[in-house]
Amino acid sequence: MNRKILTIIVSTLLLSSCGVFKSNKKTITVPKEQVTQTATPMKPTDASQLDGEWLVWTVGGKKVTGEARPYLNFSIAEGRIYGNNGCNTINGDFTTGAGQSLGISNVISTMMACADAPFESAINQALDNARYFTVSKKGHELYLDLLDSSKSTIMVLRRHNMEFLNGAWTPVEINGKANHNEEVRMVIDVPEQKLHGNSGCNLMNGSLLIDPDKNNSVQFLDIATTRMMCDRESMATETALLVALESVEHARPGKNGNVVMTDKDGKTVLVLKHIKLSEE
């Protein structure tokens, strides 16, 4: 065949192929903070790093969104995996081995048909292809990467590490002002996502929200108090505390075991000191 004609034919085929791939390509938008995030790898250890519940963060390189997030729970004690793929409840077996190898098998699920479950199929496929895992840490969040046989990441799971908030606390500062009212104390229960305590005059109760899309996230919601009247200073402290709690968006460990809570602009609104349980 004439070399010139052959060149034209090959060029035509390449252009046609490019056209096919271009028309089928789906654009995946990943927030910049997810692309540029730097995580600190954790030292390889046994499978204990897997233990517990993880939200699905990305699958196939695509950020998982929505109110009802798919999740997986690895139970080391049972060698079982439980969770939800965005539509159906799933469970199965898993094993680990040398080199942080991972095998997930015998996965079964319910058979619901959901109108809006864009990640269900990709999650199921990732579980079927998972062969290794790695765990890394960024801030107070942990990331679990599931890798395929070529050690390419196929799914990333994430969980907060906000357990440092658990326990009884009293504020040493409220909006930059020292607090001297020792009656002000609160108990934060992260696993149950509850808050209760004494606001300086009244008993209070509320709930916690940890936003899966934010680092070091914590918010106090639905705070309710009893209706007692106290002296002016106690009432002023209570008002300041309730306003501060409602503005909290983030929390981090501070100096001397304290916890620093900030608003959406990064302004410190509360500094909490831990109280021993015997003092409650």
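This is a predicted model: local features need pLDDT of at least 70, side-chain atom pairs count only at pLDDT 80 or more; totals for chains, interfaces and linings use all residues.

## Notes on the model

1. In helix α3 (residues 120–129), the buried residues are Glu 120, Ile 123, Ala 126 and Leu 127. Viewed down the axis of α3, these buried residues fall within an arc of 130°, so they line one face of the helix. Here buried means under 20% relative accessible area, exposed means over 50%, and partly exposed is what lies in between (1.4 Å probe, protein chains only); the arc is that of the directions from the helix axis to the C-beta atoms. As background, an α-helix has 3.6 residues a turn, so residues three or four places apart point the same way.

2. Residues are numbered from 1 along each chain as its sequence is written, and side-chain values use heavy atoms, with hydrogens and water left out.

3. For the chain as a whole, the secondary structure comes to 4 helices and 19 strands, where helices (H or I, at least four residues) and strands (E, at least two) are DSSP runs numbered from the N terminus. Of the 280 residues of the protein chain, 38% count as buried. Among contacts between residues at least 6 apart in sequence, 47% join residues at least 24 apart, a contact being heavy atoms within 4.5 Å.

4. The structure holds 2 disulfides, a disulfide being a pair of cysteine sulfur atoms within 2.5 Å. With bonded cysteines counted along the chain, they follow the pattern 1-2, 3-4.

5. Cys 87 lies in the loop between β5 and β6, and Cys 114 in the loop between β7 (101–109) and α3, so the pair ties together parts that are 27 residues apart in sequence. The link of Cys 87 and Cys 114 is right-handed, with 85° about the S-S bond. Cys 87 is buried at a relative accessible area of 8%, whereas Cys 114 counts as partly exposed at 31%.

6. A disulfide also joins Cys 201 to Cys 230, with an S to S distance of 1.9 Å. This pair links distant parts of the chain, with Cys 201 in the loop between β14 (194–198) and β15 and Cys 230 in the loop between β16 (219–225) and α4, 29 residues apart. The link of Cys 201 and Cys 230 is right-handed, with 85° about the S-S bond. Cys 201 counts as buried at 8% relative accessibility, while Cys 230 is partly exposed at 27%.

7. Asn 88 lies in the loop between β5 (80–84) and β6 (89–97) and is buried, with a relative accessible area of 2%. What does Asn 88 contact, leaving aside its neighbours within four places in sequence? Asn 88 is in contact with Gly 83, Ser 109, Thr 110, Met 111, Met 112 and Glu 120, and Glu 120 is among the buried residues of α3.

8. The largest pocket has a volume of about 500 Å³, and of the 22 residues that line it, the closest to its centre are Glu 53, Leu 55, His 160, Gln 193 and Ile 210. A pocket, found on a 1 Å grid over the protein atoms alone, is an open set of points where a 1.4 Å probe fits, with protein on both sides within 12 Å along at least five of seven lines, and lining residues have an atom within 4 Å of a point. Grid points are joined across faces, edges and corners, and a volume is the space filled by probe spheres set on the points. Strands β2 (52–59), β10 (153–160) and β15 (203–209) each supply at least two residues of this lining.

9. The second largest pocket has a volume of about 270 Å³, and the elements that give two or more residues to its lining are β12 (177–178) and α4 (232–247). The largest share of that lining, 5 residues, comes from α4.

10. Ser 136 is placed in strand β8 (residues 132–138) and counts as buried at 14% relative accessibility. Ser 136 and Arg 158 are 22 residues apart in sequence and 9.6 Å apart in space, C-alpha to C-alpha.
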